[in-house]
Amino acid sequence: MVSDKAGAPARAWQRMLSGRRLDLLDPSPLDVEISDIAHGLARVARWNGQTAGDHAFSVAQHSLLVEAIFSAHAKCPKPEDQLAALLHDAPEYVIGDMISPFKSVVGGGYKAIEQRLQRAIHLRFALPAEIDEKLKKEIKRADQIAAYFEATALAGFSVTEATRFFGRPRGMSVDGFDLSSRPAKAVQGAFLKRFEAIEKARRL
């Protein structure tokens, strides 16, 4: 086992700005805070930072975009489903946004850690540890539409390339969705505001 010091076990946790200490190998829902998620995701760049604009297009912006697309597609979306869409990439506040080509090289170990973190995050916010397959597919569809819009508007993909990798959206255009690159603090605030709005709706 690799260790920080001779004879000491390797550190597998990260200290958060909230003061929480999150164990990556055995994450507890009690150590998950929305303030840490918003802060982290607003500072993690999509597309390895290879996007147009004065600021990185962050995972927090992507998450807001996916939730907006999901809600626009769904018929009377339930607030808990909207929250699942908003948090679909939440583990990346800890492990970063690894691009798909690299994920395929790394293999299963990365996915297992990501899944454990996702379960802990869901439980923290009173969502099912595992969402049902229908909802998962709907969120994935919104995710792919968002990826297509980002790829063609920000990341330098041609329409042909983006269509091959993500599929071309049908019945939905990029008009009406915000793909401008924004400062991290502004995005962090927008993410928290949307989270709070969804939570308010859940309590009604």
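Contact, as the word is used here, means heavy atoms within 4.5 Å. The structure is a predicted model, in which local features need pLDDT of at least 70 and side-chain atom pairs count only at pLDDT 80 or more, whereas totals for chains, interfaces and linings use all residues. Residues are numbered from 1 along each chain as its sequence is written, and side-chain values use heavy atoms, with hydrogens and water left out. Helices (DSSP runs of H or I, at least four residues) and strands (runs of E, at least two) are numbered from the N terminus. Burial is stated by relative accessible area, with buried meaning under 20%, exposed over 50% and partly exposed in between, for a 1.4 Å probe and protein chains only.

- Ile37 is in contact with Val32, Ala90, Tyr93, Ile121, Phe125 and Phe191, when its neighbours within four places in sequence are left aside.
- Helix α1 is largely enclosed by the rest of the structure, because 6 of its 8 residues are buried, namely Ile34, Asp36, Ile37, Ala38, Gly40 and Leu41.

**The loops on either side of α1**

- Glu33 lies in the loop between β2 (21-23) and α1, where it is buried at a relative accessible area of 18% and touches Ser18, Arg20, Arg124 and Phe125, residues up to four places away in sequence not being counted.
- Val44 and Ala56 are separated by 12 residues in sequence and by 8.1 Å in space, C-alpha to C-alpha.
- Asn48 also belongs to the loop between α1 and α2, but Asn48 is exposed, with a relative accessible area of 51%.

**Backbone angles**

- Most residues other than glycine have a negative phi.
- Asn48, although not a glycine, has a positive phi of about 55 degrees.
- Cys76, likewise not a glycine, has a positive phi of about 50 degrees; Cys76 sits in the loop between α2 and α3 and is exposed, at a relative accessible area of 74%.

- Gln61 is part of helix α2 and is buried at 5% relative accessibility, its contacts beyond four places in sequence being Ala56, Ser180, Ser181, Arg182 and Val187.
- Ser71 is placed in helix α2 (residues 59-73) and counts as buried at 18% relative accessibility.
- The side chains of Ser71 and Glu67 are joined by a polar contact of 2.6 Å, a term for a pair of N or O atoms within 3.5 Å of which, within protein, one must be able to donate a hydrogen and the other to accept it, residues adjacent in sequence counting only if both atoms are side-chain atoms.
- Apart from neighbours within four places in sequence, Ser71 is in contact with Pro77, Gln82 and Arg194, while Ser71 and Ala85, 14 residues apart in sequence, are 8.8 Å apart in space from C-alpha to C-alpha.
- Pro77, in the loop between α2 and α3, is partly exposed with a relative accessible area of 24%, and it touches Phe70, Ser71 and Gln82 when residues up to four places away in sequence are not counted.

**The second largest pocket**

- The second largest pocket has a volume of about 230 Å³, a volume being the space filled by probe spheres set on grid points that are joined across faces, edges and corners.
- On a 1 Å grid over the protein atoms alone, with a 1.4 Å probe, a pocket is an open set of points with protein on both sides within 12 Å along at least five of seven lines, and lining residues have an atom within 4 Å of a point.
- Of the 16 residues that line the second largest pocket, Lys78, Asp81, Asp132, Leu135 and Glu138 lie nearest its centre, and the elements that give two or more residues to the lining are α3 (79-86) and α7 (133-153).
- The lining comprises 9 nonpolar, no polar and 7 charged residues, where Ala, Val, Leu, Ile, Met, Phe, Trp, Tyr, Cys and Pro count as nonpolar, Asp, Glu, Lys and Arg as charged, and the others, Gly among them, as polar.
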